[in-house]
Amino acid sequence: MTTTLYLLLHILLFSALHGSTHASSPPTVYLIRHGEKSGDPLDSGLNADGWERADCIRDVFGKDSSYNIGYIMAPHVNKKGEHRRSYETVLPLATDLGLTVDTSCKRNQVNCVAEAVNAYDGPDNILISWRHGKMRQMVQALGYDEPPEYPHDRFDLIWTIPFPYDNITDIRSEDCPLLDVPAELTVDL
């Protein structure tokens, strides 16, 4: 047996015994809006409904869900504690999943988010919690030319953006009890 053939058989046997050596498929991105906010202009945190949504998010995207979240992003919280709603929305979930929320991008830096998504090489999917006013631009930065605007009066929509990130293939409610519209009233694409 030639050395090349022997080496090839050895690699195939090693792969069969120890799992595949090729990378997993690219992750799907799930984009959500932060939870409901306080009406106080001096408070940039969540209100009671927002905290209820953060708790609901734990069930929606948690360990027993089919979303398989392995990476979570939210905007950078500044030194004054401003812009923390998105972070507060996903922090309980991140804690449950044993993940750290990536807050390396400032709230207006949609290209930073797109770069982080494209650099992620983990085996699971990505959840991004952000302010609704930047979600359309973020999806454009990922590669979708004409995404819809996120409705200003909704806090419950999940946008599903599979690789190659050039389309939103599903928009559905988080279905948080007592907070959201019934599941049968989903948004048409």
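Me: How much space lies in the largest pocket?
Reply: Rolling a probe the size of a water molecule over the atoms shows where empty space is left. Here, the largest pocket holds about 220 Å³. A pocket is an open set of points on a 1 Å grid over the protein atoms alone, where a 1.4 Å probe fits, with protein on both sides within 12 Å along at least five of seven lines. Points are joined across faces, edges and corners, and the volume is the space filled by probe spheres set on them. Keep in mind that this is a predicted model, where local features need pLDDT of at least 70, side-chain atom pairs count only at pLDDT 80 or more, and totals for chains, interfaces and linings use all residues. Residues are numbered from 1 along each chain as its sequence is written, and side-chain values use heavy atoms, leaving out hydrogens and water.

Me: Which residues are the closest to the centre of the largest pocket?
Reply: Lining residues have an atom within 4 Å of a point. There are 13 of them, and H34, H83, R85, R107 and R131 come closest to the centre. Helices α3 (85–97) and α5 (132–142) each supply at least two lining residues; helices are DSSP runs of H or I, at least four residues, and strands are runs of E, at least two, numbered from the N terminus.

Me: In what order do the six strands form the sheet?
Reply: Strands pair if DSSP finds at least two bridges between them. The order is β3-β2-β4-β1-β5-β6, in an open sheet with mixed pairing. Its edge strands, β3 (101–102) and β6 (170–173), each pair on one side only. Strand β5 (157–161) pairs with β6 in the antiparallel sense over four bridges, and L157 stands opposite S173 in β6.
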